[in-house]
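Here's a quick briefing to read alongside the sequence and the 3D view.

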Amino acid sequence: MGRSTFIAFYRSFTRHPLYAMLNLLGLSFGIAVFIALSLLYRFETSYETWSPERDKIHVIGGQYFFPGMPDDIFIGSMGGLLEEMKAAYPHLEGVRDWSNPVTVHKGAEVYAEQIELVDANYLSFFKVPMLHGDAATALNTPNSIALSEDKARKYFGTTDAVGKTITLSDTEGRKAYTVSAVMRNLPKNTDSRLDFARLLTPQRMSAEENWHEWGSIQLLTYFKFRDPKQAATLQAQFPAFVNRQVGDRFGSDAKGSDVLALHLVPLADVHLIDPQQKAAIVSLGMVGVVALVLALINYVNLATARAGLRAREVAVRKTLGANPGALRRQFQGEAALTLLLAFLIGLSLVELSLPLINAVGGLNLRLDYRSEGLWLGGILSLVMVAGLIAAIYPAFALSAFKPAQVLASSRTPAGGHVGVRLREALVVMQFATVVIAFVLMIGFMRQIDHMQKADLGFKREGLLLITSARDPLISNGQRAAYLTAIKALPQVKLASIGNAIPADQESVSNSNIVRPGQADSATVSPTVNWSVVGPDYFQLMGTRLVAGRLFDVRYGGDQMWRDDADGREAADVTNVIISRLTVRRMGYPSPQAAIGQTARFANRQVRIVGVVEDMRFYHPASEIPAKLYLFDANPQNSPVIFVRYQGLSEPQMRAKLQQVWRRVAPDVPFEIISTTANLDKYYKPERDRSNLFSIGAGIAALIGCIGLYGMAAFNTSRRVREIGLRKVLGASRDKVVRLLIGQFLRPVIIASVLALPLAWLALRQWLSQFDDAIAISPWFFVLAVGAALVIALGTVGGLALASASTEPGKALRHE
Amino acid sequence: MIELKNISRLYRSDEIETTALHDINLTIGRGEFVAIMGPSGCGKSTLLNTLGTIDRPTSGQYLFDGVDLAQLPETGLAKHRAQHLGFIFQSFNLIDDLTIYENIELGLLYRSGQKGSRRQVIEAAMDRVAIGHRARHFPHQLSGGQQQRAAIARAIVGEPDLILADEPTGNLDTENGAQVMDILHGLNAAGATIIMVTHSPSHADQATRRIDILDGQLVTSVARVL
């Protein structure tokens with residue numbers, strides 16, 4: 001790259017600042033979006049890289065095939081799977097991780113934490129980075145505990161906590177444990193939570209009645225393989241293994257593999273196991289690529305437009321002996337310098353905007369030049385290569401000018417019809433992308449708004465969930481006493497208990513329900529998702545009764561059975577309430593027709609006494625499950641307490657409820673969440689991604705405007721004389737303005753026409769993931785095209801006005 | 001030095017075929033100062049462009065020191081221009097974004113075998129046309145006469161064998177025109193071969209030979225003794 005290249009590059013900024021800045025800013029914005037979104041993509045696809053064993057480790061996933069239920073792959077297994085698999089395949093190396101709530105005592109204070117009950121070799125299996133202690137032996141004894149450096153600081157004020165004791169309460173009671181190791185904090189890009197870890201003891205396993213219950217999901221089971229082929233070989237044997245182990249657990253007519261498929265999921269794939277989430281991340285990555293492509297299109301567009309203005313320079317250089325190759329090298333050199341500078345500006349923009357991106361996108365991204373140097377170098381190389389490929393066309397266009405023709409003409413060449421059409425086509429492409437992005441943006445916002453406001457079948461506002469009610473340390477007596485106490489609070493309109501919880505699937509159970517005379521089969525009979533609810537549950541939720549009646553403690557038949565000695569006899573018929581969807585699944589012609597009908601459910605006889613409206617508790621993308629409710633005056637199966645309140649702000653109500661809790665259960669940490677906050681975990685990722693997309697779309701629109709402005713400015717500069725002539729011949733300024741604007745907006749209108757069907761397809765595809773999706777309105781397109789036109793008009797309007805205002809005499813002297 | 005044999009140049013568009021040069025035969029010796037005259041559109045500039053190898057003849061032979069330039073590829077012609085030719089244009093054709101120094105430097109950029117340091121050579125060329133005091137200025141900051149002197153410095157900085165001047169005084173007033181002619185005379189006296197297209201009979205009279213062209217054909221070629 002010669003001195004003349006540097007001079008030309010430098011002078012482009014001092015002599016043609018508008019063109020140079022348009023070109024540079026367009027590229028910089030595109031590169032910034034590309035860097036930011038590739039940073040996001042890299043973050044999302046680099047989960048669990050903290051473990052050097054990541055690529056060897058697989059986790060057990062499963063897939064159920066129950067009629068009417070989704071068959072997505074989930075991560076998790078029953079507790080005893082490891083033993084059963086080791087018995088069948090003795091060479092396997094595996095560990096388990098069972099997350100449990102735990103209460104940590106520090107003086108009189110109690111703290112709710114999460115502990116991992118793991119096999120003794122867990123730390124060395126994952127090669128967990130240790131600060132103090134030996135990973136191989138730290139969890140060998142039941143009274144040892146490993147904690148993270150953050151938790152060591154929290155409870156001991158130092159990370160050097162080995163040998164100190166800590167008191168925990170969980171289902172095994174209140175015990176003191178000796179700290180045997182301190183683990184380094186894991187980075188942000190992990191789904192693993194390693195705050196506390198202790199040994200999963202045989203006693204704890206034997207206390208768990210579902211430990212070998214095929215169909216239950218309790219914990220995570222990991223296996224390590226030297227190479228992926230071993231995993232694939234084992235995976236191929238799973239159906240036979242499942243059939244052997246499951247036996248007739250799912251019924252005599254169904255093989256285990258008809259109902260359950262086991263999967264070995266690579267640890268690296270776990271974070272994005274949900275295809276929708278993966279698609280969202282890939283889509284955002286694509287937005288980054290599109291932004292870069294738009295910026296490069298801009299570069300080509302502006303560079304070829306400017307090529308005409310540099311034609312005379314090219315001609316002179318050629319007469320002085322420059323051959324086309326030397327000229328191309330010079331122009332490519334200028335492009336390389338522009339790209340390099342744009343990359344640095346783009347990188348700076350990313351640095352400056354990362355706090356904003358993190359805030360609106362709910363992210364934790366950061367640029368670490370030491371550890372990410374190679375990756376950034378890769379991005380730079382990619383940008384340079386892509387940019388230099390894009391710059392080939394302008395370089396060839398420039399170097400192809402014929403000096404004799406250029407020097408003989410007083411006009412600057414425009415690159416001929418092909419050049420003009422190409423530039424217009426590029427602007428069309430840019431604006432088509434902008435219109436598609438606008439349509440999607442509007443669609444995203446409307447769908448997110450709909451999710452947040454839609455009728456879910458229950459009243460989500462003013463509803464608090466006290467989740468500490470399911471803490472294993474809470475006794476039934478404490479639960480009942482607390483419920484009684486808060487019912488006495490004047491602001492508590494209703495309080496109830498149950499495990500049918502919005503946005504909480506901790507105690508989800510599914511079973512078949514069979515009408516008399518119908519086939520009783522796990523693979524054929526309808527499956528319902530069932531929950532246990534206490535008195536006033538439906539009244540509190542605001543659930544609409546469709547037919548029959550709600551539960552009432554006065555009806556003895558409403559009380560569900562218990563498996564303990566106090567329970568009702570198995571021969572009794574239990575009253576249940578089902579949802580409207582269950583009515584359809586069970587084949588009743590109407591909700592009324594279902595009332596009084598009996599069925600076989602979970603090896604019991606049940607009678608339908610009521611039908612309630614479907615309630616959407618889970619992700620808007622998930623189908624609402626067919627639901628069955630059992631009644632228990634004192635539910636004991638992981639219930640939370642529901643509080644419907646009035647007359648106080650949420651913080652004030654929380655404070656009051658906490659006061660009562662402290663009185664009733666001082667040794668158990670108080671945990672509470674509002675239903676709206678709990679549901680927000682489903683909406684927030686969509687909202688965050690929509691925000692990121694909107695930023696990307698906004699910048700794409702900006703780049704498109706830069707391209708349009710560049711083209712309009714170039715065309716105007718070439719048409720000054722024509723405009724002067726038109727005015728001499730009697731055209732008014734307004735007519736000239738209308739003529740110019742009409743011509744400038746032509747590519748935008750063509751782009752809109754081309755973009756609309758593509759935008760419709762893209763939006764339809766995105767909406768198809770939602771069970772409760774909005775309808776696509778023609779207004780989305782009208783608004784998007786309108787916005788694109790207004791932006792385009794704002795971009796070129798001033799230019800058209802200025803050109804049309806030039807005095808004819810001056811215009812005719814223009815060269 | 002230069003021998004044109006049966007040179008013709010046709011321009012073809014969809015419907016029209018225009019003959020810009022028709023069967024030109026011309027020999028020019030080293031050290032000559034040739035003026036080409038003729039009415040507008042007669043083919044003067046086409047002839048000059050052909051001599052400058054920025055336009056290729058449709059037919060005929062162009063021998064430069066015995067080498068047939070018609071046979072050379074584009075890169076060969078570019079090298080020929082860099083090594084042997086210097087151009088002076090009516091509209092100066094200085095590059096707006098480069099300073100006068102940098103514009104003159106362009107005359108060396110694509111040329112090999114330069115004698116002495118580049119700076120010295122450029123300064124010497126600027127001194128020959130008395131433009132050294134404007135070295136750091138941009139073209140638009142100079143008068144027409146100064147711009148043309150700078151363009152001449154660019155043309156001669158590489159000490160070319162042949163200087164091609166296309167109406168070098170056409171955009172200048174009488175005084176500046178005379179200055180430019182003086183410089184060309186000086187260059188010719190120092191041994192440079194000059195071919196100049198001009199509309200000015202008085203400037204043409206200052207050349208050692210005058211060639212008249214009409215409708216693409218050579219009408220007269222008159223050698224003069226000055």
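**A loop residue to start with**

Asp191(A) is partly exposed, with 13 other C-beta atoms within 10 Å; on this count, 20 or more makes a residue buried, 12 or fewer makes it exposed, and anything in between is partly exposed, with C-beta atoms placed from the backbone. This is a predicted model, where local features need pLDDT of at least 70 and side-chain atom pairs count only at pLDDT 80 or more, while totals for chains, interfaces and linings use all residues. Residues are numbered from 1 along each chain as its sequence is written, chains are lettered from A and ligands numbered from 1 in the order in which they are written.

**Around Asp191(A)**

- Look for Asp191(A) in the loop between strand S8 (173-183) and strand S9 (196-199) of chain A; strands here are DSSP runs of E with at least two residues, helices are runs of H or I with at least four, and both are numbered from the N terminus.
- Leaving out residues up to four places away in sequence, Asp191(A) touches Tyr47(A), Val270(A) and His271(A); a contact means C-beta atoms, placed from the backbone, within 7 Å.
- Tyr47(A) sits 144 residues from Asp191(A) in sequence, yet their C-alpha atoms are 7.3 Å apart.

**Chain A helices**

- Helix H17 (residues 476-487) and helix H21 (residues 650-664) of chain A have axes that come within 10 Å and cross at roughly 145 degrees; axes are lines fitted to C-alpha atoms, for helices over the stretch in contact, with angles from 0 to 180 degrees between N-to-C directions.
- On the H17(A) side, Gln478(A), Ala481(A), Tyr482(A), Ala485(A) and Ile486(A) meet Leu657(A), Val660(A), Trp661(A) and Val664(A) of H21(A).
- That contact between H17(A) and H21(A) has eight nonpolar, one polar and no charged residues; Ala, Val, Leu, Ile, Met, Phe, Trp, Tyr, Cys and Pro count as nonpolar, Asp, Glu, Lys and Arg as charged, and the others, Gly among them, as polar.
- Residues 696-807 of chain A are 84% helix and 0% strand, with end C-alpha atoms 41 Å apart.

**Where the chains meet**

- Chain A puts 21 residues into the contact and chain B puts in 23 residues.
- H1, H11, helix H12 (324-361) and helix H15 (403-408) of chain A each supply at least two residues of the side that touches chain B, and H11(A) gives the most, with six residues.
- By class, this side of chain A has 11 nonpolar, four polar and six charged residues.
- Over in chain B, helix H3 (residues 100-109) is mostly covered, with seven of its 10 residues buried.
- The cover over the buried residues of H3(B) includes helix H1 (3-15) and helix H11 (311-319) of chain A, plus helix H4 (118-128) and helix H5 (144-156) of chain B.

**The chain B sheet**

- Six strands of chain B make an open, mixed sheet in the order S6-S7-S8-S3-S9-S10; strands pair if DSSP finds at least two bridges between them.
- Strand S6 (85-88) and strand S10 (217-223) of chain B are at the edges with a single partner strand each, so one side of each has no neighbour in the sheet.
- Strand S3 (residues 33-37) and strand S8 (residues 193-197) of chain B run parallel, joined by four bridges, and Phe33(B) stands opposite Ile194(B) in S8(B).
- Strand S9 (residues 209-214) of chain B pairs with S10(B) in the antiparallel sense over six bridges.
- S9(B) and S10(B) form a hairpin with two residues between them, and Asp215(B) in the turn has a positive phi of about 50 degrees.

Conventions. Two residues are in contact if their C-beta atoms, placed from the backbone, lie within 7 Å.
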